[in-house]
Amino acid sequence: MPEKIFIGIAWPYSSGPRHIGHMAGAQLPADIFARYHRMKGDEVLMVSGSDQHGTPTTLRAEQEGKTPAEVAERFHQLHSSNFEKLGISCDLYWKTSEQNHKKVVQDIFLKLYRDAKIFEKTMESPYCPKCDRFLPDRYVEGTCPNCRFDKARGDQCDNCGHILDPFDLENPRCKICGTTPVKRETNHFFFRLSGFEQRLREYLKDKSYWRQHVLAFTMGYMREGLLDRAVTRDIEWGVEIPLPGYETKRIYVWFEAVIGYLSTSIEWARRRGEPEKWKDWWYDPKAKHYYFVGKDNIPFHTIIWPSILMGYDEKLDLPYDVPANQFLNTGGAKMSSGRGVGVWLPELLERYDPDALRYYATATMPEMRDAEFTFEDLAAKNNSELLAVYGNFVHRALTFASKNFDGAVPAAGFLDGADKAMIRNIEEQWRKVGQNLDFVHFKDALREAIQLARLGNQYFDQKAPWDLVRKDKAACGTAIHVAVRTSRALAVIMAPFLPFSSQRLWSMLGYDSNVSEQRWAEALEDMPAGQKLRVGKPLFSKIEEVQAASGGEADMFDIRVGQIVDVKDHPRGDKLYVLQVDLGDEKRQLVAGIRQNYKKEEIAGKRIAVLCNLQPAKLRGIESNGMLLAAEGPADVAILIPPNDVPLGSQLLGKKGASMMGFEDFQKFKFAVGEEHRAYFLGSAGKLRVPLMAGGKHVIADKGMPEGAAVR
Ligand SMILES: [Zn+2]
Ligand SMILES: [Zn+2]
């Protein structure tokens, strides 16, 4: 019996690019699962979309001087294109700014309000006296009372995953100006989460098959007691409240974005011209709902979303499993200073075959505990497993057939013990891969799949067809037949994990169809003798050692985060300012030629990127101890802005203590602005692409600069 599988992928925020951790944590496991079930003949509906509202987007928009809608749309486009390049096969990838999404949210809001599951209450909200505004949660930052992390946000601690209220934070500060917020009364709507405790306990009773850490986190959350949660915030970017008198407030993302799973299903059905079709998944008690999310998203999917669903319509299907992953850490600042290459998906996708990334992300998938991304490991796994084991095996089998059997699959004759054992191996590994996938164990599933290629290599070595072809051509033909049959099985078994290379292999095997449209059990079928092969390039290519990417050249620089604390006109240069700059542990005077591009009040207080190891020089009689970095467009100059939440003095490129260089030396190297206004070091040959970063975030040009604009 085909099953009905609904798959939801955590919605990426439209406030910045996603890194490989998001892919390994949620998108990739969901996609493997969807592809596997489609091949099994199950009915799959997989949806996701961009979470466009909320404070991460407005914060970024403020930082860039854009509207939240512009920022949200830009990153929605980026996410969609990344999903496509990675082969994440959603039936619909949507976004929360769509009217049809808003309608579903407002409908749920009103229904819950009428049933008194959402109610109005006066509450105290953090208010910044200096900015003269309420501070919705992410606009407050402080120390987490649970783990002491000092950059916890007002809604959640990124370090320990605890959901927080802004007033839980110790040492709270306004994210915009640093002022301590005060409490001020305002009216908001609350979701009566406390009223769902009994039903949630009932729902969670049979969830012992959940991943242990997911269950533990959920039960811990239940034990702490369920508190009613505010569902509206003082913000103007979001879904409007469908009741009069609340024009300056919006429904907040924690409530609204999860509803996207339902609204996107409805939209998917509408676009197919079968507007009721979504109900097949949402009202069928046999449909299984899987939500693939990172560990920071667990309570939203195991407690809050089920409560919203229960509150709205008791007959709706609740999550069957939430196989949340832990984090694939990317090393943040560590990554930026030495290794030189970003870990952001758009950059990785420019550099690597999507299947190389899919393989690595699955092989290191943080299913049970956090894992660490390194480029060395990416190269090692690609070169020593994907290429040396799988790629090598199919290449050997296919090229041998091509050279010795007229480019066609030889017929199988008498099967000896080794041949039969190899055919049994196909069946055995196929079964193990499927079993692991059924239980959402992706890492083990992939290990069993690659094991089939390993066994194939052993079989090939044991048969030694290069000798056998001279001694017994028929027996050799049998061996090659079995090896090609194993390659065919691999193309099918690998298809959920590595759809692109599986398709290439499928085509080399002489098929014109789409491997992802084959049935899972096709892996066990034999190869027709005489089928013409189309042997081409090897399936995978080697990833060269990436450490060379920074080439040592980046280490010749010492570029740090500074802040302009004073600006004066240069008395003898009408293009020059004299700046006093705070670098955290030292102060410096710089002379900068940006007087025609920036007014004094525009740059006073700005954070800038400072080249610290430039030899001191006198510019029209005034000493300059370093240089401010700026991008030069055809019409204007834009200073480079470091991320706003890293300490002064943070390293943006190279290392502190790098030896001094003269201005002429500096000019031998190239820096430029790339996509998203990000600044890169290109090296002396212009071939590197080392982003200027701190805290895992990019340095960007202050004003719109064309791609390729030089930095001086
Ligand atoms: Zn914490
Ligand atoms: Zn403020």
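**View 1. Four cysteines hold the zinc ion (ligand 2) in this predicted model.** The protein donors are C128 (SG), C131 (SG), C174 (SG) and C177 (SG), lying 2.3 Å from the zinc ion (ligand 2). Donors are N, O and S atoms within 2.8 Å of the metal (3.2 Å for Na, K and Ca); water is not among the atoms, so sites may look incomplete. The site is tetrahedral, with angles of 102 to 115° among its 4 donor atoms. Four donors count as tetrahedral if all angles lie between 85 and 135 degrees.

**View 2. The zinc donors are spaced C-x2-C-x42-C-x2-C along the chain.** C131 lies in the loop between β4 (118-128) and β5 (133-134), and C174 lies in strand β8 (residues 170-174), so the pair ties together parts that are 43 residues apart in sequence. Strands (E, at least two residues) and helices (H or I, at least four) are DSSP runs, numbered from the N terminus. C131 is partly exposed, at 24% relative accessibility. C174 is buried, at 3% relative accessible area. Buried means under 20% relative accessible area, exposed over 50%, partly exposed in between (1.4 Å probe, protein chains only).

**View 3. An open sheet is formed by 4 strands.** Their order is β3-β2-β1-β14, and the pairing is parallel. Two strands pair if DSSP finds at least two bridges between them. The edge strands β3 (92-95) and β14 (288-292) each pair on one side only. From one strand to the next, the twist averages 20°. Axes for such angles are lines fitted to C-alpha atoms, and angles run from 0 to 180 degrees between N-to-C directions. Strand β1 (residues 4-9) and strand β2 (residues 43-50) pair over 5 bridges. F6 stands opposite L45 in β2.

**View 4. D284 and K4 form a salt bridge.** A salt bridge is a side-chain nitrogen of Lys or Arg within 4 Å of a carboxyl oxygen of Asp or Glu. Here the closest N and O atoms are 2.9 Å apart. D284 sits in the loop between α9 (279-282) and β14, K4 in strand β1, 280 residues apart. Both residues are buried.

**View 5. R588 meets E586 in another salt bridge.** The N to O distance is 3.2 Å. R588 is buried at 14% relative accessibility, while E586 is partly exposed at 27%.

**Notes.** Residues are numbered from 1 along each chain as its sequence is written, with chains lettered from A and ligands numbered from 1 in the order in which they are written. Local features need pLDDT of at least 70, side-chain atom pairs count only at pLDDT 80 or more, totals for chains, interfaces and linings use all residues, and side-chain values use heavy atoms, leaving out hydrogens and water.

Key. Four donors count as tetrahedral if all angles lie between 85 and 135 degrees; four count as square planar and six as octahedral if opposite donors are over 155 degrees apart and all others between 65 and 115; anything else is irregular.
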